[in-house]
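Q: Can you walk me through a helix and a loop in this one? Keep it brisk.

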Amino acid sequence: MPQSTLERLGFSPTDRVVILHADDIGMCQATLPAFENLLDFGLTSSYAVMAPCAWAGAALEIAGQAQADVGVHITLTSEWQHYRWRPLSTLDPASGLLDPQGFFPRRSPEVRASARPEAARAEMAAQFRLFDAHGVDPTHMDSHMLSSLHSSLLGEYVGIALEEGVPVMFPSSGGSGLWMDEETCTLARALEPYLLARGFPTIDHFDGMPLSSDLNSREDALEVRLETARSVLSQFKPGLTHFAFHPSVDTPELRAICPDWRSRVGDEKIFRSVELRRMLEELNIKVIGYRELKALIGE
């Protein structure tokens, strides 16, 4: 029986290990100072950049200068009402990657229903090429709004990870199914041996800070989000957990784009707080990044 990812990393099966993963970097300008602040504080262990978005290039410049643990946040949806983005690889409606307005579809079920697998794979590859253009070697890949974690696209998603040689946000057979339907779970179980045979690590659990337009309606965003973080982190199980959050600073642009802006601003505050650092120490939760997982490939 092959070793678990946790064991390959040198941890015991009872350890609770987390990747503190900042999503949606480069989505808008408000994510960039948040990115810089979190890099300076040093608690966040991994980041993901949305390559098709307007501020991705600036985010990758920051990542390159800091040699940050940063991955490709595979993006096939464009969810906001007025702030939208398009594929990097094509503007052909026949690709199934465009909605009637010429942007990515707003929701995961829409792109899953319409995207041609070969077009989706070409778009994933194009997003990696943007990293290349900025001289950034990605440490991993994951999926915005979990759009790729569906039977219609999962093969392409895993295939790109194998091709690019990066760890992929992918559930182990014993871990969370990431809200996948039964058909997708079956396919994931079939694909897992291909990843493991090639030395690719898998993730045991997935969790994160909830996003809500109601959450953090109070002014004390730090205290509210710390309460939420303690509630979630204290329930961690043994194993390796991908823990996602969405940091931004408070700007007029962010408020105009995101109804859930308070949650995002709160995330930026707590992940550069001594209170959260102490909380993780008290809970004996160990923090690693995807860079450690990438080092396992080819061992």
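Q: What do the buried residues of H2 pack against?
A: They pack against strands E1 (16-25), E2 (46-49) and E6 (239-245), plus helices H3 (56-66) and H10 (261-270). Contact means heavy atoms within 4.5 Å. Helices (H or I, at least four residues) and strands (E, at least two) are DSSP runs, numbered from the N terminus. This is a predicted model: local features need pLDDT of at least 70, side-chain atom pairs count only at pLDDT 80 or more, and totals for chains, interfaces and linings use all residues. Residues are numbered from 1 along each chain as its sequence is written, and side-chain values use heavy atoms, with hydrogens and water left out.

Q: Which residues of H2 are buried?
A: In H2 (residues 31-41), Thr31, Leu32, Ala34, Phe35 and Leu38. Buried means under 20% relative accessible area, exposed over 50%, partly exposed in between (1.4 Å probe, protein chains only).

Q: How do they sit around the axis of H2?
A: They fall within an arc of 160° seen down the axis, so they line one face of H2. The arc is taken from the directions from the helix axis to the C-beta atoms.

Q: And what comes just after H2?
A: Gly42, with a positive phi of about 90°.

Q: New topic: the loop between E4 and H6. Which phi does Met145 have?
A: Positive, about 55°, although Met145 is not a glycine. That loop runs between strand E4 (141-143) and helix H6 (154-164). Most residues other than glycine have a negative phi.

Q: What about Leu146?
A: Leu146 lies in the loop between E4 and H6. Its phi is positive too, about 60°, and Leu146 is not a glycine.

Q: Is Leu146 buried or exposed?
A: Buried, with a relative accessible area of 17%. Met145 is partly exposed, at 30%.
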